[in-house]
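Work through the exercises below with the sequence and the model at hand. Try each task before reading its solution.

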Amino acid sequence: AKLDAIKKAGKLVMLTNAAFPPFEYMGNDNKPAGVDVEVAQAIAKDLGVELEIVNMDFDLLIESLKAGKGDLILAGMTIKPERLEQVDFSKEYVKSAQYVIIKSGSGVTADKLDGLTIAVQQDTTGDFYATDDIKAKEVLRFKSGIEAGSALSSGKCDAVIIDKLPAEKIAANSSGKLEVLPKALTEESYAIAVAKENKDLLEAVNASLDKLIADGTVDKLIVKHMEI
Ligand code: GLN
């Protein structure tokens, strides 16, 4: 919705995929939690409205935003030219990169991914890398990075390509079965997506982000949700 309509309704609707810790995951109360949830709550507070969260598959987020099912996407979403044709992005609020998760001791290296079976989350920058930048034997596409991690644990693939902090979380929860290789494959910027032609909302989002970045809130939220 437009900014005046959001204020009138008293409600800001965030679209996300709550299977991407530390940025968004299902908390103990079965409600979405994470860095992005708290960033969106701060934006809603600045606007003087309530935050509502709609959880869906990552690959449906952009079309749902375009269809007016929400006002913003916060989903650890990377700015990409093909996405910029469909939505507008705020300024960057987190820097990230794609990393490789392997089975501990398997000897797979980040320089030799050609010919391997790679698991990814569908329609993410990890999927784009596995599909376009290497010659994988096969790319297994899952609805969430956590499912891709399970495929690796159960021997269905040789590696997972996924964003840095979610990779660290998946490895940390694997009881030593999985490890993250130290090499960054890409350089990426996370930003908040809003519908095109919604300049007032975009400006308000950027103003809130300026504060949250400058006062260290975003960095603190990352530390907090990596520890959970
Ligand atoms: N940063 C990646 C992307 O934008 C992954 C995001 C995610 O899986 N939530 O495609």
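**Exercise 1: Two domains**

The C-alpha centres of domain 1 and domain 2 lie 26 Å apart. The model is a predicted one: local features need pLDDT of at least 70, side-chain atom pairs count only at pLDDT 80 or more, and totals for chains, interfaces and linings use all residues. Residue numbers start from 1 along each chain as its sequence is written.

Task: state which residues belong to each domain, and how many residues of each are in contact.

Solution. Step 1: domain 1 is made of 3–94 + 188–227, and domain 2 of 98–180; these bounds come from an automatic or database domain assignment. Step 2: twelve residues of domain 1 are in contact with 13 residues of domain 2, where contact means that two C-beta atoms, placed from the backbone, lie within 7 Å. Step 3: on the side of domain 1 that touches domain 2, six residues are nonpolar, two are polar and four are charged. Here Ala, Val, Leu, Ile, Met, Phe, Trp, Tyr, Cys and Pro count as nonpolar, Asp, Glu, Lys and Arg as charged, and the others, Gly among them, as polar.

**Exercise 2: One side of a helix**

Task: find which residues of helix H6 (residues 145–153) are buried, and explain why they are on the same side of H6.

Solution. Step 1: the buried residues in H6 are Gly145, Ala148, Gly149 and Leu152. A residue is buried if 20 or more other C-beta atoms lie within 10 Å of its own, exposed if 12 or fewer, and partly exposed in between, with C-beta atoms placed from the backbone. Helices (H or I, at least four residues) and strands (E, at least two) are DSSP runs, numbered from the N terminus. Step 2: these residues are on the same side of H6 because they cover an arc of only 100 degrees around the axis; the arc is that of the directions from the helix axis to the C-beta atoms. Step 3: the general rule is that an α-helix has 3.6 residues a turn, so residues three or four places apart point the same way.

**Exercise 3: Backbone angles in loops**

Task: say where Asn30 lies, where Glu197 is found, and which peptide bond at Pro22 is cis.

Solution. Step 1: most residues other than glycine have a negative phi, and most peptide bonds are trans. Step 2: Asn30 is not a glycine, but its phi is positive, about 65 degrees. Asn30 lies in the loop between S3 and strand S4 (32–33) and counts as exposed, with 7 C-beta neighbours inside 10 Å. Step 3: Glu197, also not a glycine, has a positive phi of about 65 degrees. Its place is the loop between strand S15 (193–194) and H8, and with 9 C-beta neighbours inside 10 Å Glu197 counts as exposed. Step 4: the bond from Pro21 to Pro22 is cis, with omega near 5 degrees, and Pro22 is in the loop between strand S2 (19–20) and strand S3 (24–26).
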